[in-house]
Amino acid sequence: MRFLITSQIMVRYSILGSGSSGNSYIFSDGSDALLVDNGFSRAELMRRIESQGFDYSTIRAVFVTHLHPDHARGVGTIARKDGLCVFTSGRCQECEYEKLGIPQDQCRIIEFGDAVSIGSFLIRSFPTSHDSTGSSGYYISCPQASFTIVTDTGVFDQEMVQLARQSDVLFLESNYDSQMLKTGPYPYPLKKRIDGPRGHLSNTQAEEFLNQCGFFAALTGENKSEICYNSSKYRISKVFLVHLSDTNNSVSLLEKRFQWMGSVITVCPKGATLSGSIGDQ
Ligand SMILES: [Zn+2]
Ligand SMILES: [Zn+2]
């Protein structure tokens, strides 16, 4: 169906930051934009948004994956100052909204499996497995493109894989290298939390996720070099590995590990901003 659409509208997106220092994503069709998470001060968020060429005043709503500070510490401020509605799953606790200073009358519930429309975007939420009640991921679609955000989850399930397969762009957590975590400086309980079922996705789990999305390394050519093989029935054309740990992961390690995926994959260093677009220019 998507090949029949000849829209003139370009959809732009940006990872405004990912990792423990602050997470945020923006999606814009030119007239309306939506934000997923805000772990930054309002001034820093605005600086990042403007540096990527987006118009802050077009943001219509904020969707929050969960209420850990690196994802939500700046949500209350922008809700109050800019009058934005804040969507979370219905299972997030009310006292947490208060702590974050999110006005009650601007809180909106998006139940798992439900869809909310904002401008030309349709946003659907799904549960993640994290130590924050009501944590969720998002599938965002519009006529030109679709996106899936899977971060802050200790395990992945088939719903996440199915939604990712239907997306043009996948933002996938690749938080830690198991060996680096095991031998690294973190105290044992924290190590257990991170690699537990309600922690974060490891590099190995991210690779497994990508395999289930149809990506495999295949040997080809005379010197049998590895290339990326994507079973063509799936749609993903771009994967960003996000939410990297500073201590238990490294960009170069990931780039080496996923070299076989070529230009399909981009590793997003902690704190970095990366942008892209889909559709007619
Ligand atoms: Zn978290
Ligand atoms: Zn996080």
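This is a predicted model: local features need pLDDT of at least 70, side-chain atom pairs count only at pLDDT 80 or more; totals for chains, interfaces and linings use all residues.
The protein contains nine helices and 16 strands. Its C-alpha trace spans about 60 × 55 × 35 Å along the principal axes. The radius of gyration is 18 Å. A compact globule of 281 residues would have a value near 19 Å, so the two agree. Of the 281 residues, 44% count as buried.

Seven strands form an open sheet. Their order is β6-β5-β4-β3-β2-β1-β16, and the pairing is mixed. The edges are held by β6 (107-109) and β16 (274-278). Each has a single partner strand, so one side of each is left without a neighbour in the sheet. On average, neighbouring strands are turned by 20° against each other, direction ignored. In general, strands of a sheet pair through backbone hydrogen bonds, either parallel or antiparallel. Strands β3 (residues 33-36) and β4 (residues 59-63) run parallel and are joined by four bridges. Within this pair, L34 stands opposite A61 of β4. Helix α1 (residues 42-51) lies across two strands of the sheet, β1 (11-17) and β2 (24-28). The helix runs at about 140° to β1.

Nonpolar side chains tend to be buried together in soluble globular proteins. Here the largest nonpolar core has 68 residues. F27, L34, V62 and L241 have the most contacts inside this core. The partners of F27 were listed without residues up to four places away in sequence. On that basis, F27 touches V11, Y13, A33, L34, F121, I140 and F147.

Helix α8 spans residues 203-212. Its buried residues are N203, Q205, A206, E207, F209 and L210. An α-helix has 3.6 residues a turn, so residues three or four places apart point the same way. Just after α8, G214 takes a positive phi of about 100°.

Two residues other than glycine also have positive phi values. One is D152, with phi near 50°. D152 sits in the loop between β10 (146-150) and α5 (158-165). The residue counts as buried because 27 C-beta neighbours lie inside 10 Å, against a cut-off of 20 or more. The other is H243, with phi near 55°. H243 is found in the loop between β14 (238-242) and α9 (251-257). This residue is buried too, because 28 other C-beta atoms lie within 10 Å.

L190 belongs to helix α7 (residues 188-195). With 13 other C-beta atoms within 10 Å, L190 is partly exposed. The count falls between the exposed limit of 12 or fewer and the buried limit of 20 or more, which means an intermediate class. The C-alpha atoms of L190 and F54 are separated by 37 Å. These two residues are 136 positions apart along the chain.

Key:
Residues are numbered from 1 along each chain as its sequence is written. Chains are lettered from A and ligands numbered from 1 in the order in which they are written. The radius of gyration is taken over C-alpha atoms; the globule rule is 2.2 Å times the number of residues to the power 0.38. Two strands pair if DSSP finds at least two bridges between them. Axes are lines fitted to C-alpha atoms, for helices over the stretch in contact, and angles run from 0 to 180 degrees between N-to-C directions. Two residues are in contact if their C-beta atoms, placed from the backbone, lie within 7 Å. A nonpolar core is a set of buried Ala, Val, Leu, Ile, Met, Phe, Trp, Tyr and Cys residues joined through C-beta atoms within 7 Å.
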